[in-house]
Amino acid sequence: MDALKTAHRVLVIGAGAMGSGIAHVAAVAGHTVYLYDMQAEAIERGRAGIGKDLAFLVSRNKLSQATADAALARVIPISNLADAKDAMLAIEAIVERFDVKQTLFAELETVLAPEAILATNTSSLSITAMAAPLARPGRVVGMHFFNPAPRMKLVEVVSGLATDPAVAQTVHATAKAWGKVPVFAKSTPGFIVNRVARPYYGEALRVLAEQAATPATLDAVMREGCGFPMGPFELMDLIGHDVNHAVSQSVFAACFNDSRYTPHLIQQELVHAGRLGRKSGQGFYAHGEGKALPASVDFPPASAARRVRVVGDLGPAAALIGRIEQAGVTVERTAGSGHGWLEIGAARLMMSDGRTATRRAVDSRYDHVVLFDLCLDFAKTPRLTLCAADRCGRGALTDVVGTLQAAGLKVAALDDVAGMLGLRTVAMLANEAADAVLSGIGSAADIDVAMRYGTNYPLGPLAWADRLGPAFVAEVLDHLRAHYVDTRYRLSPLLQRKALTGATFHAN
């Protein structure tokens, strides 16, 4: 299906940050854009904001002055919806209230041509329910932009039960013509991004609740170790705890209180206290002029071991061996079965598999077990995070720390928490993404694209599952479920099938 032609006019309802951003995108793409808001001053502010953003792009040589001037001239303020009766696409970006949006669409049906497309920028409300009472429900579709719309590439194109497939195809093609990266999604709670992303916050809050480490240390694990652009706590402070907690509550309620989406008391307490993050000056961190985020709590310098023995295969962490060798440590290799480990002094250093270090020490009948967390790239990571079994000797842990420091790694510790943080988070993201594929919410390719472009994840969750191996991800989740006795960690049937057959989510 072809995209809308630039001769087709676009109506944007709502001139706030999101609405004016969408108007900016459509105008730069060549469309005449009607910008409407119930408050005239909001329209003026919105159009002025578009002008400011365009001027910034000119200053950075991203647009010519002539192109910017022409785009701004195509943004036409209107005070009456009837003035936009020739628009072929209407995009609402108004208050996130179901009744208000539904009333607006009913009015638009009386104003616009029958073939006009009615798009909602809702981030989570049901497209099916929104369209149900309308005369032409097939013309209603979700067109979910991410903030700020001019810079964020992703657009979720969301179909309700009645959405005409040709309408979704047209909107998808139009978003692509506007320079965006569109993905198809089904109307379900949270669509793709807001649903699949819940574990990024939820697992971090649970690890914090176990007092495993400070928020700054946990943020460093995810940012420096796993390659995410922001740690979960600094990201929640940026989003606003009122907003993030409300989304968590909405998805939880809409999924009939599924334990996988349970909101957390820590965040609820912050909301009750008015500690909303950057917007209030206080969240997990203090914000404001002169305020810097605290540093992670890392081990002090220690001495490296002279000799390390590798037993078996370290799997995705094999690159650590080369880094230790380059530090001048003698490395010996011994064959072994199952998950391999490094013998450093008295310690056995192993990658986490979802069990606690104490559990693995008991299972192996060896006290001095130290685990390390998942990293995006063990050959390049600046950080490795450890946890030690309860009976691990202090000297054994110090030998591990010094050897890793000699290999150029910053080293921090978590208390002995199951799955640590990076591994359990990635496993849960992959599990959630697998369920989204199984439920037809989106394809594996679209879900990974959505998470890459909507949240700037370093890898799509399913691509990460393929890298680790679905069988290993399934093993991690099974261990978490056994440890917590919690259906939150139940295995997606699709992930289980991939684990059993050795198949991957993406073709090799």
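Mentor: Gladly. Let's begin with a cut-off: contact means heavy atoms within 4.5 Å. Keep in mind too that this is a predicted model.

Trainee: Which residues of helix 13 are the buried ones?

Mentor: Helix 13 spans residues 319–326, and its buried residues are Leu320, Ile321, Arg323 and Ile324.

Trainee: What makes them line one face of the helix?

Mentor: Look down the axis of helix 13: the buried residues fall within an arc of 165°, so they line one face. After helix 13 comes Gly328, with a positive phi near 90°.

Trainee: Why is Thr356 called buried?

Mentor: Buried means under 20% relative accessible area. Thr356 has 8% relative accessibility, so it counts as buried. Thr356 sits in the loop between strand 12 (347–351) and helix 14 (357–364). Leaving out residues up to four places away in sequence, Thr356 touches Leu371, Asp416, Val417, Ala418 and His483.

Trainee: How do you know that Gly277 is buried?

Mentor: The relative accessible area of Gly277 is 0%, so Gly277 is buried. Gly277, too, is a loop residue, found between helix 12 (265–272) and strand 9. Not counting residues up to four places away in sequence, Gly277 touches Asp237, His241, Gln282, Gly283 and His287.

Trainee: Why is strand 7 described as largely enclosed?

Mentor: Five of the six residues of strand 7 (residues 154–159) are buried, so strand 7 is largely enclosed by the rest of the structure.

Trainee: How do you know that strand 7 pairs with strand 6 and with strand 8?

Mentor: Two strands pair if DSSP finds at least two bridges between them. Strand 6 (residues 140–145) is joined to strand 7 by four bridges, and the two run antiparallel. Phe145 stands opposite Val155 of strand 7. Strand 7 is joined to strand 8 (residues 181–186) by six bridges, and these two run parallel. Here Val158 stands opposite Ala185 of strand 8. The chain crosses from strand 7 through helix 6 (residues 165–177) to strand 8 in a right-handed β-α-β crossover.

Trainee: What makes strand 4 largely enclosed?

Mentor: Six of the six residues of strand 4 (residues 87–92) are buried, so strand 4 is largely enclosed by the rest of the structure. Strand 4 pairs in the parallel sense with strand 1 (residues 9–13) over five bridges, and in the parallel sense with strand 5 (residues 117–120) over four bridges. Leu89 is the bridge partner of Val10, and Ile117 in strand 5 is the bridge partner of Leu89. Strand 4, helix 4 (residues 98–111) and strand 5 make a right-handed β-α-β unit.

Trainee: What makes a space a cavity rather than a pocket?

Mentor: In a cavity a 1.4 Å probe fits but cannot get out, whereas a pocket is an open set. The whole structure holds three cavities of 30 Å³ or more, and the largest cavity has a volume of about 110 Å³. Among the 15 residues lining the largest cavity, Arg198, Gly202, Ser248, Thr262 and Pro263 are the closest to its centre. Helix 8 gives the most to this lining, with six residues.

Trainee: And what lines the largest pocket?

Mentor: The largest pocket, with a volume of about 1,200 Å³, is lined by 38 residues, of which Phe146, Asn147, Asn194, Ile239 and Val243 lie nearest its centre. Helix 11 supplies the largest share of that lining, five residues.

Terms used
Residues numbered from 1 in each chain as written. Predicted model: local features only at pLDDT ≥ 70, side-chain atom pairs only at ≥ 80, totals over all residues. Heavy atoms only, no water. Buried < 20%, exposed > 50% of the residue type's maximum accessible area, 1.4 Å probe, protein only. Arc of directions from axis to C-beta. Right-handed = clockwise from strand over helix to strand, strands pointing away. 1 Å grid on protein atoms, 1.4 Å probe; cavity = no way out; pocket = protein on both sides within 12 Å on 5 of 7 lines; lining within 4 Å. Points joined across faces, edges and corners; volume = space filled by probe spheres on them.
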